[in-house]
Amino acid sequence: MTTTTRGFTPPNAGRSARERKERTRMVAGGMLGGIICVFWLLPLLLVFMNAFKDKREYNMGESWRLPQSFHLWENLQNAWAQGLGSGFVNSLSYGLVGAAGAILLASLAAFGIVRLKMPRGLWWFLLIYSGTIFPFQVYLIPLFKAYTSFGLYDTWIGMVLFYIAICIPFCTFVMRGFFVSMPWDFQEAAKLDGCNDWMIFWKIMLPLTRAPMLVLLLFQFTWIWNDLLFGLVLSKSENVRPIMPTLAGMQGIYAGSDGPTLIAAVMIASLPTLLLFLLLRPYFMQGLRLSSVGD
């Protein structure tokens, strides 16, 4: 007896076609990603190349020409001496203290609203989160008048208090979403073991919120570090002014900063947020995934 194969399709034919299509899609995606990376890295390469040049070589106008000498360390020293050093230290302290303070206070608020089931908790949350509704420019004149009246203008503590307050609404939003998603078994078991609410918050809840808190630290530190508007309005002296207003002042017509020095200053200003992102990268997607789960 003979067996005909006319019209017969091997069972692996469809799978092979899907695999080829998937492989083609992956190759195309990789090529597209590579092209995007090239276009993203080219400006960085241009900045890095010009930071090595001296003033004379930079003024020749050939931006894409490789540097003929090594002046990076000299440019970095000039940028640091022209006030960038104090602005760097100021913004570093504002970013760390401001972000950490806002995250801690927002965690307490979210814990009280969600886990302690405080009366009218949703309304309290909406009141806190309403700070993000209005444009930041609305706060400038009232904030400036209040700071000058209470002696907080151009002070370190005044800047820190502002950054803590401005970061609390978003931190509360994220922490509330995380606390809502946590099972109640942890809290009930802790109460059976004799823990009060304060012990539950410090010993159980906070260790479990490490990932979203680190993501918030990255976001809020980056926002504080990049702030220009409030740094210009609420400070004027070199020992208080953040790094972005200091960097903007170096570009003035009376600042006396040449091109390579200014480019070196930009490189210094970009390092903390880049290093912080690289350090917190393992927690980034985990924190976003956990904090996005809500009721």
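Buried means under 20% relative accessible area, exposed over 50%, and partly exposed in between (1.4 Å probe, protein chains only). This is a predicted model: local features need pLDDT of at least 70, side-chain atom pairs count only at pLDDT 80 or more, and totals for chains, interfaces and linings use all residues. Residues are numbered from 1 along each chain as its sequence is written, and side-chain values use heavy atoms, leaving out hydrogens and water.

**View A. Helix H9 covers residues 210-225.** Helices are DSSP runs (H or I, at least four residues), numbered from the N terminus. H9 has 16 residues and should span 22 Å at 1.5 Å a residue. The expected span is 1.5 Å times one less than the number of residues. The end C-alpha atoms of H9 are 22 Å apart, in agreement. Buried residues of H9 include Ala211, Pro212, Phe221 and Trp225.

**View B. Helix H8 covers residues 197-208.** Its twelve residues should span 16 Å; the end C-alpha atoms are 15 Å apart, which agrees. Ile200, Phe201, Ile204, Met205 and Leu206 are buried in H8. These buried residues pack against helices H3 (72-115), H6 (156-181), H7 (185-192) and H9; contact means heavy atoms within 4.5 Å.

**View C. Cys167 and Cys171.** A disulfide is a pair of cysteine sulfur atoms within 2.5 Å. The sulfur of Cys167 lies 5.9 Å from its closest cysteine sulfur, in Cys171, too far for a bond. The disulfide count is zero. Cys167 is buried, at 1% relative accessible area. Cys195 is partly exposed, at 22%.

**View D. Ile35 in helix H1 (residues 13-51).** Ile35 is partly exposed, with a relative accessible area of 46%.

Notes
Helix = DSSP H or I, 4+ residues; strand = E, 2+ residues; numbered from the N terminus.
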